[in-house]
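Subject: Structure handover

Hello,

Here is the structure, with notes on what came out of it. Please load it first and read on with it open.

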Amino acid sequence: MIDNGFEPKILAFCCNWCSYAGADLAGVSRLQMPPNLRVIRVMCSGRVSVEWVIKAFSSGMDGVMVLGCHIGDCHYIDGNHRTKKRFVLLGKLLGALGIEPDRLCLDWVSASEGQKFQDVVTKFTSRVKELGPNPIVAA
Amino acid sequence: MIDKVRQIISDLLDRGEADAVLALANEHGNVQPYLYKKGDSLDNLVLWPKYSMGPIVQSIQNADPALKLAVVVRGCDDRALVELAKRNQISLFNVRIIGLACTEAEAKECACAHPYPRSIDVGDKIDGIVSSDELAEVSGKDYGGRLQFWKDAFARCIKCYGCRNGCPLCICEDCVLEDDAWVKAGEIPPPFPIFHLIRAYHLSDKCVECGECQSSCPMDIPLTSLYAMIREEFSGLFDYMPGADEDRKSPLVTSLEEEPIREGTA
């Protein structure tokens, strides 16, 4: 874990059926994670609209995570297919506007993957620390 | 070229294949859309400047859905009609399309990459302009440079909504850009990048490169360069070009089995 004194603000959208339960499991298993995360529970990662993520960046979040069920395991059959298309595209659009696409993380964490939740969050937090503060709000 | 268009229009009207033909007319020095009926003089017909025909077709069909309409279109109009039809805004069932290929000078003026409709009735197909200087300038920058470029450009925005109002594909009745949750009323310029990035995302699967956004913009924001980059990213991911195929749905509303993301791009 790099330490450059910068503590990023990170927002995570977790789906009710997999990732939120995965986060719970990571919690009850007492896995250590960086405390930079704010979690918002949604019923499906497909419910996360692009406007929310853009607003999060506009309001000064340094990184945004969208976590859902693995492809094929979605509680709503193909909700996460749309999530994937949407946020892969949004990453490219952020790049076109000059915002590092690495500030947006899209990953799949199932309810039994507390360990993976810890890994994903730790890696993403340290990547955002490297990138530094959100360039949109920085003067 | 224009005589051939006149010929096609009068043939269609005389044979009764169309009740009316939508084209452009020069009325007292002003070019505007005009609905030619049988017996009308075609002397005031003009082809240039281009004019976005999609919304006009939509209002004609709203008023008279049974009208057998023919419409003179350029490449961008043709693609706009296809996208509007896909989204159930118009019906192409009763519409006869008279395809007009742009000349080299016209394509250059629009910096258009696809200056021809799906089927060409008049004119010759020419190659499009691959990249404008401005586009090359901004896409050659690194992230920091691009961000500065767009920050400077969008700082000029006076939030007149011209880009949205001029766009033939901005069809939502309730626009999120007027919703206080995303864009607060009374803030000028609108906070970067929320206004333009939401619009860019919403247009990513429908932009037909007509350039109306930029020509509507009173502050000279290089929107066509932004949308050119977005179209390139979109076709890179999904191999999809808006307006090219009436039967192919937008990849954003289908599952990964129906429209996968191209390998190596995600």
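Along its sequence, chain A runs β-α-β-α-β-α-β-α. That makes four helices and four strands. Helices (H or I, at least four residues) and strands (E, at least two) are DSSP runs, numbered from the N terminus.

This is a predicted model: local features need pLDDT of at least 70, side-chain atom pairs count only at pLDDT 80 or more, and totals for chains, interfaces and linings use all residues. Residues are numbered from 1 along each chain as its sequence is written, while chains are lettered from A and ligands numbered from 1 in the order in which they are written.

Chain A overall

The C-alpha atoms of chain A fill a box of roughly 40 × 30 × 20 Å along the principal axes. Its radius of gyration is 14 Å, which agrees with the value near 14 Å for a compact globule of 139 residues. That radius is taken over C-alpha atoms, and the globule rule is 2.2 Å times the number of residues to the power 0.38. Of the 139 residues of chain A, 54% count as buried. Buried here means 20 or more other C-beta atoms within 10 Å of a residue's own; exposed means 12 or fewer, partly exposed is in between, and C-beta atoms are placed from the backbone. Take the contacts in chain A between residues at least 6 apart in sequence: 79% of them join residues at least 24 apart. A contact needs two C-beta atoms, placed from the backbone, within 7 Å.

The sheet of chain A

The four strands form an open sheet in the order β2-β1-β3-β4 (chain A), with parallel pairing. Two strands pair if DSSP finds at least two bridges between them. Axes are lines fitted to C-alpha atoms, for helices over the stretch in contact; angles run from 0 to 180 degrees between N-to-C directions.

Strand β3 (residues 63-68) of chain A runs parallel to β4(A), and five bridges join them. A:V64 has A:L104 in β4(A) as its bridge partner.

Helices on that sheet

Helix α4 (residues 114-131) of chain A lies across β1, β2, β3 and β4 of chain A. Its angle to β3(A) is about 160°. Helix α1 (residues 19-28) of chain A lies across β1 (10-15), β2 and β3 of chain A, at about 115° to β1(A).

Seven of the ten residues of α1(A) are buried, so this helix is largely enclosed by the rest of the structure. The seven are A:S19, A:Y20, A:A21, A:G22, A:A23, A:L25 and A:A26. They pack against β1, β2, β3 and α4 of chain A. After α1(A) comes A:R30, with a positive phi near 55°.

Where the chains meet

The contact takes 23 residues from chain A and 29 residues from chain B. On the chain A side, α2 (50-58) and α3 (79-97) of chain A are the elements that give two or more residues. The most come from α3(A), with eleven. By class, the chain A side has twelve nonpolar, three polar and eight charged residues. Ala, Val, Leu, Ile, Met, Phe, Trp, Tyr, Cys and Pro count as nonpolar, Asp, Glu, Lys and Arg as charged, and the others, Gly among them, as polar.

Chain B

Five of the five residues of strand β4 (residues 69-73) of chain B are buried, so the strand is largely enclosed by the rest of the structure. B:L69, B:V71 and B:V73 cover one side, B:A70 and B:V72 the other. Strand β1 (residues 20-27) of chain B pairs with β4(B) in the parallel sense over three bridges. There, B:A20 stands opposite B:L69. Strand β5 (residues 95-99) of chain B also pairs in the parallel sense with β4(B), over five bridges. B:A70 stands opposite B:R96 in β5(B).

B:D180 lies in the loop between α7 (162-166) and α8 (194-203) of chain B. It has 8 C-beta neighbours inside 10 Å and therefore counts as exposed. The C-alpha atoms of B:D180 and B:A113 are separated by 36 Å, with the two residues 67 apart along the chain.

Best regards
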